[in-house]
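Please have the sequence and the coordinates open as you read.

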Amino acid sequence: MAAPAPSYSALRILIAEDNEVNRRLALLLLNRLGYTADVVVNGREAVEAVRARPYDVVLMDCHMPELDGYAATGEIRAFTSGSADRPRPRIIAVTAAAMSGDREKCLSAGMDDYVTKPVKADALRAALELATVPGPSSPPATIPEVETDSPRELRETTDTLAAELGPDSVKELVDAYLADTPERLKEMAALAGGDDQVTLRRLAHSLKGTSTLFGLNRTGNVAALLEKLAAAGEKSEQARLVQELDRLFQASCPLLHNRIQELIPA
């Protein structure tokens with residue numbers, strides 16, 4: 001059964017991409033995540049599209065004909081920044097480049113975020129979820145409620161892990177996760193909304209990795225969103241996300257205990 005479309009699918013999204021395969025991939029990923037989008041094939045068309053219609057998000061390829069993504073972003077920022085009647089879209093750079101300094105180049109051009117090709121569904125989801133988080137002058141946004149982690153995904157992932165490492169090693173890793181996570185969540189709760197965003201980002205990144213190790217992908221997605229918020233210094237929803245992470249952890253504890261009992265029967 002297909003997953004229900006997220007409640008935040010009303011985002012108005014523009015894809016600016018000159019490669020047909022990449023355009024189709026972006027549309028397929030967006031449809032899978034519950035979104036639709038308009039499409040343009042170069043930077044000049046992207047500028048004109050934003051002039052003609054207010055968009056919440058622009059997925060901007062950095063290297064396009066007519067006008068590249070950096071120049072197109074500059075023109076868009078020129079007529080949307082500080083405009084009362086023209087909303088400022090969140091521009092997400094999409095590029096095959098992954099060299100040191102590329103993120104800084106995108107941000108310096110006026111872009112808000114950065115994802116690399118080939119674009120992955122989880123990375124795109126996290127980038128779009130961040131677009132629902134308000135800036136300092138915006139009204140509070142509603143972050144959609146996240147369901148509990150999937151027992152099926154947990155089972156499939158830990159089965160693979162057990163095949164690679166053995167059930168005893170999986171138990172050792174799960175025990176460490178169950179013992180360590182409560183303390184990490186306390187640290188994150190204390191840091192949420194505060195000045196030490198570097199440490200909060202590191203803790204969220206770490207929790208994302210350890211959670212997805214066991215197939216706790218919903219927990220991983222929320223941690224990824226918190227990581228992005230900390231990286232951007234956007235603090236208003238951080239405490240709420242930490243509370244959601246704590247809820248997900250409490251719900252996952254019996255799933256993890258049951259999984260270990262299945263792998264290592266008493």
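Cys 106 is buried, with a relative accessible area of 0%; buried means under 20% relative accessible area, exposed over 50%, and partly exposed in between (1.4 Å probe, protein chains only). What you are looking at is a predicted model, in which local features need pLDDT of at least 70 and side-chain atom pairs count only at pLDDT 80 or more, while totals for chains, interfaces and linings use all residues. Residues are numbered from 1 along each chain as its sequence is written, and side-chain values use heavy atoms, with hydrogens and water left out.

You will find Cys 106 in helix α4 (residues 102–108). Helices (H or I, at least four residues) and strands (E, at least two) are DSSP runs, numbered from the N terminus. Leaving aside residues up to four places away in sequence, Cys 106 touches Cys 62, Tyr 70, Ala 93, Met 111 and Tyr 114, where contact means heavy atoms within 4.5 Å. Between the C-alpha atoms of Cys 106 and Gly 69, which are 37 residues apart along the chain, the separation is 9.0 Å.

Ala 93 stands opposite Tyr 114 in β5, and strand β4 (residues 90–95) runs parallel to β5, joined to it by four bridges. Two strands pair if DSSP finds at least two bridges between them. As a reminder, strands of a sheet pair through backbone hydrogen bonds, either parallel or antiparallel.

Now step back to see the whole sheet. Five strands form an open sheet in the order β2-β1-β3-β4-β5, with parallel pairing. Because β2 (38–40) and β5 (113–116) stand at the edges with a single partner strand each, one side of each is left without a neighbour in the sheet. From one strand to the next, the twist averages 20°. Helix α2 (residues 43–52) packs on the sheet, where this helix touches β1 (13–16), β2 and β3 (57–61), and its direction makes about 165° with that of β1. Axes here are lines fitted to C-alpha atoms, for helices over the stretch in contact, and angles run from 0 to 180 degrees between N-to-C directions.

What about β3? Five of its five residues are buried: Val 57, Leu 59 and Asp 61 on one side, Val 58 and Met 60 on the other. β3 runs parallel to β1 through four bridges, with Ile 15 opposite Leu 59. With β4, β3 pairs in the parallel sense over five bridges, and here Val 57 stands opposite Arg 90.

The loop between β3 and α3 (69–80) holds Glu 66. Is Glu 66 buried or exposed? At 67% relative accessibility, Glu 66 counts as exposed. Its phi is near 70°, a positive value in a residue other than glycine.

Finally, look at a pair of helices. Helix α1 (residues 20–32) and helix α5 (residues 121–130) pack at an angle of about 70°, with their axes 10 Å apart. That makes α1 roughly perpendicular to α5 (angles under 35 degrees count as roughly parallel, over 145 as roughly antiparallel, 65 to 115 as roughly perpendicular and the rest as oblique). Leu 29, Leu 30 and Arg 32 of α1 make the contact with Ala 121, Leu 124 and Leu 128 of α5.

For the chain as a whole, there are ten helices and five strands, and 46% of the 266 residues count as buried.
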